[in-house]
Amino acid sequence: MAVREVDLTANELYQEVLGKLKEIVGEEWATDDPVILIGYSRDQSLETAHNPNVVVLPESTKQVSQIVALASEYGVAVVPWSTGGNTGGGCIPQRGGITCDMRRMDRILDLDVENMSVRIQPGVTFGKVYVEAEKVGLRNVCPSAPASVSMLANYMDKGVFQVSNKYGVGTDSILGMEIVLADGEILRTGCLQQKNYGSICVEGPGPDISGIFHASMGIFGICTEMVAQLYPIPEWEEVTAAQFDEDDLEAVSEFLRQVAREDCSLETILFQDAYMAMGLSDDNDGADFIRQMMPRQNALVFYGGETEEEMELRREQLDAVFDVTGAEHFPDAVINLFKQTVNWKRVFKMIQLTPRVERTTGCFELFWFNIPIDQAPDMARQFMKLARKNFADSGAYREDMTFAYEETTFYLQPLEFGRTGMLEMDAYPNQGEPEGVKRGLAMARDAIPFICEAGGQFDRPYGGEESGFGWVQTPMLGTYYDLLKSLKREMDPRNIMNPGRLGLTADTSEC
Amino acid sequence: MANLTRNRFDPLLQVQKDAYRCGKCMQCKWIDHDLMSDTEFMAMCPSGARFRYEAYYASGRQEIARGMLEGTLDYNERLLHILFTCTECGGCQVICSNLGDKNPLKTIVALRERAFRDRKAPLPEHETLIKSMENYENPWQQPRSRRDAWMKRMNLKDARKEDVDTLFFVGCTAAYDTKLQENARATADILTMAGVNFGVLGKDELCCGSTLLRMGDVDRYKKMAVKNIESLNSLGVERVVTACSGCSSVLRHEYPELGGLNAKVKHATELVQELVKKGQLELKKPIKKTVTYHDPCHLGRYAGVYEEPRKILGAIPGIELVEMPRNRENAFCCGAGAGVKTAYPEFAQWVARERMREAASTGAELLVTACPFCEQNLGSVKQGPEVVDILDLVRESAGGV
């Protein structure tokens with residue numbers, strides 16, 4: 001591939017690039033108008049807003065390939081953008097360049113009922129797949145994200161499934177990917193290696209290289225197509241909930257661990273501060289009302305199966321867990337409310353309501369990592385102390401909606417039958433309030449080393465050069481980090497693929 | 001951060017918090033997923049669905065507001081296109097206010113108001129409309145003398161001179177558009193058949209000002225609204241009824257900020273449903289048609305009137321109502337509102353075609369609506385079911401002409 005020796009000003013360069021992009025996608029679908037660019041400058045993280053230099057909206061893998069090849073030729077950055085719901089600045093073009101907005105690639109290419117899989121493009125939302133799969137008795141797993149986010153991007157990014165955690169994380173449901181590499185070449189992995197793809201997922205042949213694309217935020221390539229697993233919708237379902245004393249986090253975590261290990265839930269379990277009230281109401285006023293009836297710490301369990309007998313068996317198992325752990329059932333009134341309003345679809349809605357969590361401030365500062373379940377309570381308490389340290393006197397800013405530390409939230413999910421846990425701890429500083437941003441960044445500087453030293457592991461190191469987890473954690477990884485850096489250098493020698501992510505490309509001369 | 005206080009009268013300061021608080025959940029783009037039945041029709045935002053760039057959605061417009069507040073964006077043709085292709089249908093607002101306590105509709109209104117104050121608006125295409133409002137007090141460049149043309153030979157009471165308890169506020173579109181004047185006549189016929197003691201203002205009726213408000217010309221709107229409030233309050237009527245969704249929305253929800261009307265405001269569908277329920281209006285003649293109902297934005301999302309029109313259709317013998325995938329709060333806009341049809345007729349047509357394609361997917365023979373503006377725009381699409389106003393059906397079933 002030709003590598004152009006660029007002797008142009010940045011403006012001239014991007015004018016030339018823009019002209020060629022328009023040749024690829026058509027006049028309407030590429031622009032450098034600042035009014036358009038600003039739409040891609042920010043997400044719900046604390047990352048500082050950055051505009052790209054150009055935005056392009058391809059409609060096919062072929063066009064994406066041509067775009068990346070062009071970027072490579074000119075040595076300009078390419079940042080993929082699927083539906084824009086990132087919580088960690090992953091799609092903010094920190095160093096400018098081309099934002100490749102994939103939303104025109106929004107088709108479900110195939111829904112294979114027989115083989116329980118779906119083949120999708122990047123612009124397909126979780127909601128779209130859910131609605132179509134439900135018609136044939138199948139479902140995708142519910143993301144810990146709104147229904148409006150890209151299913152492909154969320155899976156690529158190791159999305160955590162609030163209600164499906166025994167299936168692991170997003171990448172565990174991927175059967176195959178189509179990826180445009182930094183030179184424009186197209187790589188197909190897993191089942192998409194087959195000309196007539198099917199349900200067979202062959203990792204390899206030999207070593208499986210698809211893993212380097214997982215949670216890589218596009219630094220090795222842009223995923224343009226995915227085949228993902230679907231799951232059956234159970235015929236029978238019920239819901240119950242346990243409540244705990246506010247300070248007894250050990251009891252909560254033990255309950256969750258037991259439920260997961262006994263496999264008595266329909267892989268549905270959620271421990272969250274009373275925010276589950278949001279899922280039971282249609283609006284914020286309703287959520288506030290229900291919330292008053294709820295304890296701060298609680299666990300929600302769905303159980304059921306293909307037959308009523310199976311559901312009853314699970315209920316007996318659950319009763320035993322309640323007995324062993326000493327957990328208390330929710331009051332009947334609340335359980336009845338659950339029964340009236342919560343079902344699988346409702347849970348799905350509940351997840352899409354996550355924006356309500358940040359309804360007062362508008363910004364997640366989330367710390368999201370894996371940790372042994374029994375360590376979670378102590379970690380959560382330490383986190384609250386850090387929140388107090390960084391936000392304690394910020395109540396004075398409430399009129400400006402700066403985050404108050406009392407509103408720090410966290411929740412715990414057992415993963416893979418309770419083998420490990422995922423602890424999410426959230427703070428909500430206000431992007432529009434400089435003091436809030438300052439405190440949020442200070443919180444990140446405190447929390448990230450603390451989490452790493454305590455044995456927590458960020459399996460998707462979000463963030464950029466200002467607040468990112470990756471910049472702190474990745475250099476601690478030694479040989480692992482060195483190999484990743486080598487791979488990046490080899491696969492993307494001009495460092496054009498979403499540069500500045502994961503701590504791999506801090507020094508562009510290295511790559 | 002740039003100087004946010006450079007102009008304390010900047011309308012954008014009122015929406016500053018929302019501009020920064022937008023959490024980018026991206027749900028404003030789609031109808032409520034919980035109610036989604038056909039993913040072919042899942043788009044909520046007309047301008048976003050057509051132009052696709054992020055800036056054309058509510059979430060992107062919040063960023064534009066931020067850029068304007070911080071002084072990093074300046075006006076250009078594209079910015080005005082983004083601001084004025086929003087139909088202010090309120091779809092984003094419904095989703096966002098339920099989820100996040102935010103008010104994206106207010107942001108677009110503030111952006112337009114600021115464009116007017118910065119003398120970047122009105123758009124050339126809107127100038128004629130505004131001049132018409134100034135000269136004729138209607139947006140259709142029609143003389144006042146023709147405002148009562150629709151009621152020739154109808155012998156209706158003059159609300160200024162006779163003792164009536166209800167004013168029928170006709171609205172500009174039904175009064176002047178010769179194709180839609182039948183809607184006004186149908187409303188009057190229905191009120192007469194039900195024995196409602198009503199009158200009209202004839203040539204003296206003024207535009208409600210809705211178009212000015214939606215376009216962002218707030219100052220002119222306020223003058224028009226105040227004039228209307230004084231005029232309508234002087235009548236001493238108990239009730240104002242209108243068959244126009246835009247009028248009812250402004251009279252009911254916007255006028256209170258300027259003092260408001262003494263009379264209760266009802267859309268004709270609300271009153272008709274009451275009359276049917278009380279037995280004052282009998283819908284007896286069967287109309288054997290499969291119909292689908294298009295919720296006008298200003299009647300549905302703005303006023304929350306979803307069920308009354310459906311109950312009316314349910315009360316007409318022979319009618320089978322089939323819902324479009326996007327209905328009630330999730331209804332897709334007709335594409336005409338907020339000055340869009342005037343400034344960007346091709347885009348307005350594109351939106352209308354999308355909606356008519358959805359209507360056709362239901363197999364309905366008729367698309368029924370309750371807004372002359374919707375009827376005008378949807379009716380201009382050649383493919384799809386025939387477009388009719390609900391009051392035409394009511395009159396027919398009640399035994400009128």
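Predicted model: local features only at pLDDT ≥ 70, side-chain atom pairs only at ≥ 80, totals over all residues.

Biologist: What is the mean pLDDT of chain B?

Modeller: pLDDT is the predictor's confidence in each residue, from 0 to 100. For chain B the mean is 92, and 97% of its residues reach 70 or more. Residues 1-6 of chain B are another matter: their pLDDT is below 50, and beyond near neighbours in sequence this stretch has 8 contacts in the model. Two residues are in contact if their C-beta atoms, placed from the backbone, lie within 7 Å.

Biologist: Which residues are joined by a cis peptide bond?

Modeller: The general idea is that most peptide bonds are trans, and most residues other than glycine have a negative phi. Here A121(B) and P122(B) are joined by a cis bond, with omega about 10°. P122(B) sits in the loop between α6 (104-117) and α7 (124-136) of chain B. Helices (H or I, at least four residues) and strands (E, at least two) are DSSP runs, numbered from the N terminus.

Biologist: Is N155(B) buried or exposed?

Modeller: Count the other C-beta atoms, placed from the backbone, within 10 Å of the residue's own: 20 or more is buried, 12 or fewer is exposed, and in between is partly exposed. N155(B) is exposed because it has 8. Q141(B) has 13, so it counts as partly exposed. Over in chain A, 55% of the 511 residues count as buried.

Biologist: How do I read a sheet, say in chain A?

Modeller: Start with pairing: two strands pair if DSSP finds at least two bridges between them. One open sheet of 4 strands runs β1-β2-β4-β3 (chain A), with mixed pairing. Its edge strands, β1 (30-31) and β3 (78-81) of chain A, each pair on one side only. Inside, β2 (residues 54-56) and β4 (residues 98-101) of chain A pair in the parallel sense over 3 bridges, with V55(A) opposite T99(A).

Biologist: What packs on that sheet?

Modeller: Helix α1 (residues 10-25) of chain A does, touching β1 and β2 of chain A, and its direction makes about 10° with that of β2(A). Axes are lines fitted to C-alpha atoms, for helices over the stretch in contact, and angles run from 0 to 180 degrees between N-to-C directions. Helix α3 (residues 61-74) of chain A lies across β2, β3 and β4 of chain A, at about 170° to β4(A).

Biologist: How many residues has the largest nonpolar core?

Modeller: A nonpolar core is a set of buried Ala, Val, Leu, Ile, Met, Phe, Trp, Tyr and Cys residues joined through C-beta atoms within 7 Å. The largest has 200 residues, and I67(A), V78(A), C100(A) and V240(B) have the most contacts inside it. Leaving aside neighbours within four places in sequence, I67(A) is in contact with residues including L21(A), V56(A) and I98(A).

Technical notes:
Residues numbered from 1 in each chain as written. Chains lettered and ligands numbered in written order.
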